[in-house]
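This report walks through one protein chain for a reader who is new to structures. Please look at the sequence and the model before reading on.

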Amino acid sequence: MDIVIAFGLSFAATIWVLAEIISSLIKLTDNATKLVSALNELRAALKNFKAKK
């Protein structure tokens, strides 16, 4: 019986760790998207600044 409990806890811990990894990857993807958007805005601002000169 103890083996079944240990296996269940191990399985639950594995699922929890995978959920945390997936959550972190989603946050990383979101932050990367924001970074790309900010870089595109910066590029557009620099083009406008050069055009005004």
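Does phenylalanine 11 count as buried or exposed, judged by its relative accessibility?

## A phenylalanine at the surface

In this predicted model, phenylalanine 11 counts as exposed, because its relative accessibility is 51% and the cut-off for exposed is over 50%. The residue is found in helix H1, and it belongs to a nonpolar patch on the surface that also includes Phe7, Ile15, Trp16, Val17, Leu18, Ile21, Leu25 and Leu28. Taken together, the residues of this patch have about 970 Å² of accessible area.

## The overall form of the chain

The chain has one helix and zero strands. Its radius of gyration is 23 Å, whereas the globule rule gives 10 Å for 53 residues, so the chain is more spread out than a compact globule. The C-alpha trace, followed along its principal axes, spans about 80 × 5 × 5 Å.

Of the 53 residues in the chain, buried residues make up 0%. The accessible surface of the chain comes to about 5,100 Å², and carbon and sulfur atoms account for 72% of that surface.

## Charges and the salt bridge

Among the side chains there are 7 positive and 4 negative ones, and the centres of these two sets lie 28 Å apart.

The structure holds one salt bridge, which is formed by lysine 34 and aspartate 30, with 3.5 Å between their closest N and O atoms. Both residues lie in helix H1, which covers residues 2-52, and they are four residues apart, about one turn of the helix. Lysine 34 is exposed, with a relative accessible area of 51%, while aspartate 30 is partly exposed, with a relative accessible area of 38%.

Terms used
Residues are numbered from 1 along each chain as its sequence is written. This is a predicted model: local features need pLDDT of at least 70, side-chain atom pairs count only at pLDDT 80 or more; totals for chains, interfaces and linings use all residues. Side-chain values use heavy atoms; hydrogens and water are left out. A salt bridge is a side-chain nitrogen of Lys or Arg within 4 Å of a carboxyl oxygen of Asp or Glu. Helices (H or I, at least four residues) and strands (E, at least two) are DSSP runs, numbered from the N terminus. Buried means under 20% relative accessible area, exposed over 50%, partly exposed in between (1.4 Å probe, protein chains only). Patches are made of residues with over 30% relative accessible area and no salt bridge: like charges are joined within 9 Å, nonpolar side chains (Val, Leu, Ile, Met, Phe, Trp, Tyr) within 5 Å. Accessible areas come from the Shrake-Rupley method with a 1.4 Å probe; for residues, only the protein chains shown count as cover. The radius of gyration is taken over C-alpha atoms; the globule rule is 2.2 Å times the number of residues to the power 0.38. Lys and Arg count as positive and Asp and Glu as negative; His and the chain ends are not counted. The place of a charge is taken as NZ of Lys, CZ of Arg, CG of Asp or CD of Glu.
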